[in-house]
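Q: Hey, I'm new to this one. Can you walk me through it?

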Amino acid sequence: MGGCPGHPQFVLAGGPPADRPENRPRNPTHCSAMPIPATASIAYQAALTGQLVITTFHASDAATAVGRLLDMEIPPYVIRSATNLIVAQRLLRNLCTCAESITDVDGKPHRQSRGCERCQHTGYQGRRLVAESLWLEGTQVNQAIRTGIDTNQLRELAMQEGMRTLHQEALALRAAGITSDAELIRVFGLNFGEGH
Ligand SMILES: [Zn+2]
């Protein structure tokens, strides 16, 4: 899968299991971004002491984010034990009500932008979030990180465990006529539709 490097990911890193009240972190630490190894290391040190750390960094999707953490010199055992959830997100523009219905080469109906006074001739009104959630706590993905699994295998494993990818979410919005092919290509790149 391709994707666009440089889009934000959203990571929740926590410490001990939160199944007991005494283990639940009371004061979340918000780390606005951890673009370099030193910042990432500090964020994970806090997470390992039981702080709930919420932070962002750049990667093309949730599976790729694990590789980015490894690139930032976070050891696999630390990622496994201190990361609860990685969420990759994008914003897609909603088609305006003036959009027209068309049929693509596969015979599937969808909608494309047109433009009117209401949308100031952009063809779009408002935006919505698409996201994919990669859970690490108690999953096979967590176990696989220890074995040095590559990004594509990790994504496949996460999908087997129920993760819906950004592309799947975006295609569902396209199929529902909420957004357009052109918008998916703008946000995800020309290789959209390949792979996942
Ligand atoms: Zn319009």
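This is a predicted model: local features need pLDDT of at least 70, side-chain atom pairs count only at pLDDT 80 or more; totals for chains, interfaces and linings use all residues.

Q: OK, what pLDDT does the chain average?
A: The chain averages 82, and 79% of the residues score at least 70.

Q: And where is the pLDDT below 50?
A: That's residues 1-8. In the model, this stretch still has 22 contacts beyond near neighbours in sequence.

Q: Let's switch to helices. At what angle do the axes of H2 and H5 cross?
A: Roughly 135°, and the axes come within 8 Å. H2 covers residues 62-71, while H5 covers residues 151-160.

Q: Why are H2 and H5 called oblique to each other?
A: Angles over 145 degrees would count as roughly antiparallel and 65 to 115 as roughly perpendicular, so with a crossing of roughly 135° H2 and H5 are oblique.

Q: Is that crossing left-handed or right-handed?
A: The crossing of H2 and H5 is right-handed.

Q: Which residues meet there?
A: From H2 you've got Ala63, Thr64, Val66 and Gly67, and they meet Thr151, Leu154, Arg155 and Ala158 of H5. By class, that contact has four nonpolar residues, three polar and one charged.

Q: New topic: how do strands E5 and E6 run, and how many bridges join them?
A: They run antiparallel, with four bridges joining E5 (residues 100-103) to E6 (residues 109-112).

Q: What stands opposite Ser101?
A: Arg111 in E6 does.

Q: And what do E5 and E6 form?
A: A hairpin, with five residues between the strands. In the turn, Gly107 has a positive phi of about 85°.

Conventions: Residues are numbered from 1 along each chain as its sequence is written. Axes are lines fitted to C-alpha atoms, for helices over the stretch in contact, and angles run from 0 to 180 degrees between N-to-C directions. Helices (H or I, at least four residues) and strands (E, at least two) are DSSP runs, numbered from the N terminus. Angles under 35 degrees count as roughly parallel, over 145 as roughly antiparallel, 65 to 115 as roughly perpendicular and the rest as oblique. A crossing is left-handed if the near helix is turned anticlockwise from the far one by less than a right angle, and right-handed if clockwise. Two residues are in contact if their C-beta atoms, placed from the backbone, lie within 7 Å. Ala, Val, Leu, Ile, Met, Phe, Trp, Tyr, Cys and Pro count as nonpolar, Asp, Glu, Lys and Arg as charged, and the others, Gly among them, as polar. pLDDT is the predictor's confidence in each residue, from 0 to 100. Two strands pair if DSSP finds at least two bridges between them.
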